[in-house]
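Visitor: I am new to this structure. Please take me through one part of it at close range, and then show me what else is worth a look.

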Amino acid sequence: MNLDPLFKNALKASRELMVLDHGKVIDALLMVADEIVKYPEVIISENRRDLALMDKSDPRYDRLLLTPARIEGIASDMRNVAHMPGPVGRILASNTRPNGLRITKVAVPFGVIGVIYESRPNVTLDVFSLCIKSGNACILKGGSDAINSNKAAVGIIRNCLVELNINPDVVTLLPAGRKETLQLLNARKYVDLIIPRGSRELIDFVRENSVIPVIETGAGVCHTYFDEYGDKEKGRDIIFNAKTRRVSVCNALDCLIIHESRLGDLPYLVSLCSGSGVEIFADKRSFSSFKGNYPSGLLHKATKESYGTEFLSFRMAVKTVASFDEALEHIARYGSGHSEAIISENDERTGLFLKLVDASSVYSNTSTAFTDGGEFGLGAEIGISTQKLHARGPMALEEMTTYKWIIEGAGQIRK
């Protein structure tokens, strides 16, 4: 199937968005939010069809699952986005030159954004919200495992847009196939930016095959370092929250690093995790501390593959280090640039960690579960960027724009 007609329609819709009254954008977001809450079964019934084809033990199952409570949360995020200031047209810089030229740097939409994602139908609604609010048309390429859920969500969105006389092609859902993905990655005439959101394999595939600029989001191998100066009461709660709050998301804890002087506190630090059935993959020294103090059926010896793995499940690696520098080296080697944390009561040590660790979000004495656009006060997010160009960390409304220079004169010519 040749997708060029769909790409052309999205490009045309993006140009119409540039002159659309912002009040209609707000109306559209509020209408969609109301519809999905008023008629949740429209999406949930289709979501059940998708879930029926996936094993419940698959880490993606929880990401795929939609419930009335989750739909209410999505709608709440949409309403938050609707009421936030629009990012387009912001004056980023302005000056008047000695020759009278007025030069202004202004935030503008990218135009058409392609988003490729897996197993997360909430992304469909989040991306639409952020894109239309920032003046961008979006082309969505979800995975086959969520195709029915995504079709239901996009159907509701497009019906609302038609009712408001907004071009429904501001959101386009592509068929769920590899060939369609490749067409999108090569649609340079129509698409301005590609954002992959999912596994490391997906992100690598997109980066290696796209002729369009890519912003990488999604993959998170997150560490928490319990320092020799750490408070074990804070540490126990932080580790439990970071690991078990929601294991299938990218900000969940994957590896606990502990200073060797605190190995005696290790069983206490992870004691809450055993109640949630968290499997531990421990190095030789930490394994000895766990033995007899953690359920044997949940305790395993770590292998090379235990480190640098994004588990997305009730599994966690543990690494013992002899020094602060060794902890930093482990994070630098195995981290993905997503979220890293230290638990320490030593201000100098904490300050060095925050300065030296190279990640989009670096924490002290709190849970990595906070890496989220909503928790950062940004409204919804399109993903967590783990790169350094254009956007880093939660990508919200401001990150959905680029800029251009406006130069206004009165007949000046350059000598």
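Guide: Arg197 is buried, with a relative accessible area of 9%. That value counts as buried because the cut-off is under 20%. Keep in mind that this is a predicted model.

Start with the place of Arg197 in the chain. Arg197 lies in strand S6, which covers residues 193-197. Now follow its side chain. The side chain of Arg197 reaches the backbone oxygen of Ile382, at 3.0 Å.

Next come the neighbours. Leaving aside residues up to four places away in sequence, Arg197 touches Ile116, Tyr117, Glu118, Arg120 and Val123, among others. The list also includes Leu202 and Thr217. Glu381, Ile382 and Gly383 are in contact with Arg197 too.

Move on to strand S11, residues 315-321. Five of its seven residues are buried, so strand S11 is largely enclosed by the rest of the structure. Two strands pair with S11. Strand S8 (residues 253-259) runs parallel to S11, joined by five bridges. Here Ile258 stands opposite Thr320. Strand S9 (residues 279-282) also pairs with S11 in the parallel sense, over four bridges. There Ile280 stands opposite Met316.

Finish at the surface. Leu92, Tyr403, Trp405 and Ile407 form a nonpolar patch there, with about 420 Å² of accessible area together. Strand S16 (residues 401-408) gives the largest share of the patch, three residues. Ile407 has its place in strand S16.

Note on methods:
Residues are numbered from 1 along each chain as its sequence is written. This is a predicted model: local features need pLDDT of at least 70, side-chain atom pairs count only at pLDDT 80 or more; totals for chains, interfaces and linings use all residues. Side-chain values use heavy atoms; hydrogens and water are left out. Patches are made of residues with over 30% relative accessible area and no salt bridge: like charges are joined within 9 Å, nonpolar side chains (Val, Leu, Ile, Met, Phe, Trp, Tyr) within 5 Å. Accessible areas come from the Shrake-Rupley method with a 1.4 Å probe; for residues, only the protein chains shown count as cover. A salt bridge is a side-chain nitrogen of Lys or Arg within 4 Å of a carboxyl oxygen of Asp or Glu. Buried means under 20% relative accessible area, exposed over 50%, partly exposed in between (1.4 Å probe, protein chains only). A polar contact is a pair of N or O atoms within 3.5 Å; within protein, one must be able to donate a hydrogen and the other to accept it, and residues adjacent in sequence count only if both atoms are side-chain atoms. Contact means heavy atoms within 4.5 Å. Two strands pair if DSSP finds at least two bridges between them.
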